[in-house]
Every structure is written in C-alpha cells, then in structure tokens.
Amino acid sequence: MTHELLGGSRGAEPPGGRLLERARSGDKRSVARLISMIENDEPGAAAVMRTVYPETGKAAIVGVTGPPGGGKSTLVARLGASYREQGARVAVVAVDPSSPFTGGALLGDRIRMRDGFLDDGLFIRSMASRGHSGGLARATLRVVNLLDALGTGVILVETVGVGQEEVEVVRVADTVCLVTVPGLGDDIQALKAGVLEIADVLVVNKSDRPGADETVRDLATMLSLGKGRLEFTPPIVRTSAQSGEGIAELVAAIAKHREWAARSGERERRRLAAARGEIEALLREELVRRLRGRVGADRVDDIVKRVAARSLDPYTAIDELLSTR
Ligand SMILES: Nc1nc2c(ncn2[C@@H]2O[C@H](COP(=O)(O)OP(=O)(O)O)[C@@H](O)[C@H]2O)c(=O)[nH]1
Ligand SMILES: [Mg+2]
C-alpha cells in the first residue's frame with residue numbers, strides 16, 4: 001500500500017506496471033483495466049504486452065463461433081463451468097456484435113447462478129466489436145495473450161461466425177468449434193463459404209429439437225466433400241447447452257483436437273501464421289507512423305489531394321513520399 005501512495009517516486013515504471021502486478025495477484029478489476037488499456041491502445045499498453053509476451057503460449061484457447069441464437073453463449077457458459085470443475089482457471093472473451101451490451105452480463109449471470117456469485121478462477125469479458133485501431137482480431141489476440149500470461153488455463157472466445165472479420169477473430173483459437181442448430185436447412189450451405197474450413201469441431205446444439213439427425217448427416221456430407229482436410233476430420237458433436245447433454249463429449253472432442261494439433265505440428269503452423277500476421281501488421285503500422293512523422297501530415301494531405309485530383313498517380317505519390325528527406 002505504501003508504494004501506492006509514493007507512486008510518483010517510481011516514475012520510470014511503465015503506466016501499466018502496477019496494474020499488472022495487481023492483476024498477477026488475482027485482482028479482477030486490474031485485469032479489466034489492463035484489457036481496456038489494450039483494447040483502446042492507451043499509452044502503456046505496448047509496454048504491458050512487451051512484458052507479458054514471454055509468458056504467453058500456455059493457455060488452451062477455444063473458439064466458439066456460429067450464427068446468432070445458436071446457443072453459443074449458453075454453450076460457453078457450460079464449457080466454462082466444466083473446465084472450472086476440472087480445476088482450470090477460465091476466461092471468457094465474448095466478441096458478439098449481435099448482443100453488444102448484454103452478452104457479457106448474461107453470460108456472467110448464467111455462470112454465477114450455477115456456481116456461486118464469486119469465483120476467483122473465472123473471468124468474463126465482453127469486447128466491443130467496433131473501433132479497434134488495428135482491427136478486432138488483433139485486439140482480441142492481445143487480450144487473449146494477456147489472459148494467457150496471467151495464468152488462465154482455458155480461454156473461451158465467443159464470436160458470431162458471419163463475416164470475414166469474425167472468421168479472423170476466431171483464428172486466435174487453437175481449436176475452433178462451429179455451432180449449428182437443427183433446421184438450418186439451406187443456411188448450412190452458406191456456412192461452407194465462411195467458417196466451415198476453419199472449424200476443428202462441429203457442434204449441433206439444440207439437439208433436443210427435431211431434425212438433429214438430418215443436420216448431422218448434412219454436415220458429414222459437407223465434410224466428406226471438403227478438400228484439404230485429409231489430416232484431421234472434425235468430429236460432429238451433438239449438444240443441448242440448455243440441459244447440459246453432450247457437454248462432456250464436446251470437452252473430450254476439444255481435448256482430442258488439441259492433442260492432435262500438438263502432435264501433428266498444426267499448432268506450430270498456426271502459431272507461426274499468427275506471429276507472422278502480428279509482425280507484419282505492427283511493421284506496417286510502425287512504418288506508416290514513422291513516415292508520417294518524417295514527411296509531415298500537411299505534405300501527406302497535399303499528396304492525397306493531388307492523387308484525388310488526378311494530377312498525381314498513387315504510384316508516383318508513394319515514390320515521392322518515400323524519397324522525402
Ligand atoms: N432448446 C434449446 N435452446 C437452447 C439451447 N442452447 C441455447 N438455447 C437457447 O437459445 C437462445 C439463444 O442462446 P444464446 O446462448 O444466447 O445464443 P448465441 O446468440 O449463439 O450466443 C437462448 O434462449 C437459449 O436459452 C439448447 O441446447 N436447446
Ligand atoms: Mg451470444
């Protein structure tokens with residue numbers, strides 16, 4: 001406590017340093033504050049990420065994606081409870097634009113109702129789906145990395161599998177679960193174009209409803225038609241998130257994929273791709289930032305205007321910008 005009052009004397013410390021200390025000792029409010037820093041790219045966020053990066057790469061990151069209303073949040077709450085029972089520290093990151101304000105709260109209530117109001121081993125966070133400077137997927141990756149470094153064993157990332165950006169978000173996961181429901185009919189075909197390729201486990205939730213057999217059959221057919229999936233065929237798991245049926249099977253299927261990914265080199269491939277993506281994105285940002293600083297915003301604006309007016313072409317504009325001294 002004393003050093004908090006004397007905080008000014010520790011001026012060399014990065015702004016997030018003390019928060020990180022508190023977050024490490026399990027203070028959820030500090031974790032939440034750090035996540036906000038990272039989400040908003042506040043001063044100190046980069047220093048925090050620098051500090052924690054060597055401690056990342058340990059958590060099991062499970063993505064849960066699929067159309068709105070399929071039962072993802074309910075399923076995630078069940079999975080979270082199940083991993084808690086196994087003794088793992090669990091975090092839920094809900095990136096769900098279809099329920100931006102209540103998603104996280106609902107989720108929290110569901111788990112609290114089941115497992116008591118206070119659970120130090122459970123952290124729930126709803127992420128804003130808009131307004132991240134480097135994109136939603138990269139913001140999610142940083143948040144996941146922070147939680148990973150803080151000793152979270154299992155991180156569940158819920159996202160709506162609708163567009164390209166959401167597909168990018170779920171790529172942070174080691175294992176991607178795609179949630180469908182009976183009776184989607186032709187809508188299932190639409191999944192093929194987007195998320196089916198990156199799904200590691202297929203979940204037919206609401207299998208308490210009629211038509212589950214048919215959906216399982218449709219998915220199996222689609223999988224058999226798919227190419228480039230020779231190494232690992234995603235299992236199809238039936239669940240009823242409402243009753244809890246099939247959750248144990250889903251947990252087992254996720255564990256099995258995780259083992260395969262580690263054994264086959266798939267995990268390493270995904271990590272390389274993620275690291276490359278992060279490096280290239282940061283490099284691009286940093287190069288643009290430095291160039292702007294050197295060239296000056298006015299001059300950039302001037303060149304932009306000339307390109308818009310067609311008195312300069314974009315390629316020559318780039319040459320001009322890069323040769324500015
Ligand atoms: N019948 C049935 N309803 C479910 C099941 N899982 C979730 N639901 C309900 O489906 C609705 C949407 O669930 P939610 O978890 O919010 O879906 P999300 O939008 O994919 O996150 C809620 O009313 C849930 O209670 C299930 O297995 N069976
Ligand atoms: Mg949801």
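What is the mean pLDDT of the chain, and what percentage of its residues reach 70 or more? The model is a predicted one; its mean pLDDT is 84, and 82% of the residues reach 70 or more.

**The whole chain.** Begin with the entire chain selected in a cartoon display. Its 325 residues include 14 helices and seven strands. Of these residues, 36% count as buried. Consider also the contacts between residues at least 6 apart in sequence: 74% of them join residues at least 24 apart.

**Two stretches to treat with care.** Select residues 1-12, over which pLDDT stays under 50. For this stretch the model has one contact beyond four places in sequence. Next select residues 100-106, where pLDDT likewise stays under 50; here the model has eleven contacts beyond four places in sequence. Where pLDDT is low, the predicted coordinates should not be read in detail.

**The nonpolar core.** Now select Leu 34, Val 93, Ile 155, Leu 156 and Val 157. These residues have the most contacts inside the largest nonpolar core, which has 68 residues.

Remain with Leu 34 for a moment. Leaving aside residues up to four places away in sequence, Leu 34 touches Gly 16, Leu 19, Leu 20, Ala 23, Val 48 and Leu 146.

**The ligand.** Turn to ligand 1 and display the 14 residues around it. Which of them come nearest? They are Gly 71, Lys 72, Ser 73, Thr 74 and Ala 241. Sorted by class, the shell around ligand 1 has two nonpolar, eight polar and four charged residues.

**A residue in a loop.** Finally, select Ile 198, which lies in the loop between α9 (187-193) and β6 (201-204). Why does Ile 198 count as partly exposed? The reason is that 17 other C-beta atoms lie within 10 Å, whereas a buried residue has 20 or more and an exposed one 12 or fewer. Among residues beyond four places away in sequence, Ile 198 touches Val 167, Val 170, Arg 171 and Val 176. To end the tour, draw a distance from Ile 198 to Leu 178: these two are 20 residues apart in sequence and 8.7 Å apart in space, C-alpha to C-alpha.

Methods: Residues are numbered from 1 along each chain as its sequence is written. Chains are lettered from A and ligands numbered from 1 in the order in which they are written. This is a predicted model: local features need pLDDT of at least 70, side-chain atom pairs count only at pLDDT 80 or more; totals for chains, interfaces and linings use all residues. pLDDT is the predictor's confidence in each residue, from 0 to 100. Two residues are in contact if their C-beta atoms, placed from the backbone, lie within 7 Å. A residue is near a molecule or strand if its C-beta atom, placed from the backbone, lies within 6 Å of it. Ala, Val, Leu, Ile, Met, Phe, Trp, Tyr, Cys and Pro count as nonpolar, Asp, Glu, Lys and Arg as charged, and the others, Gly among them, as polar. A nonpolar core is a set of buried Ala, Val, Leu, Ile, Met, Phe, Trp, Tyr and Cys residues joined through C-beta atoms within 7 Å. Helices (H or I, at least four residues) and strands (E, at least two) are DSSP runs, numbered from the N terminus.
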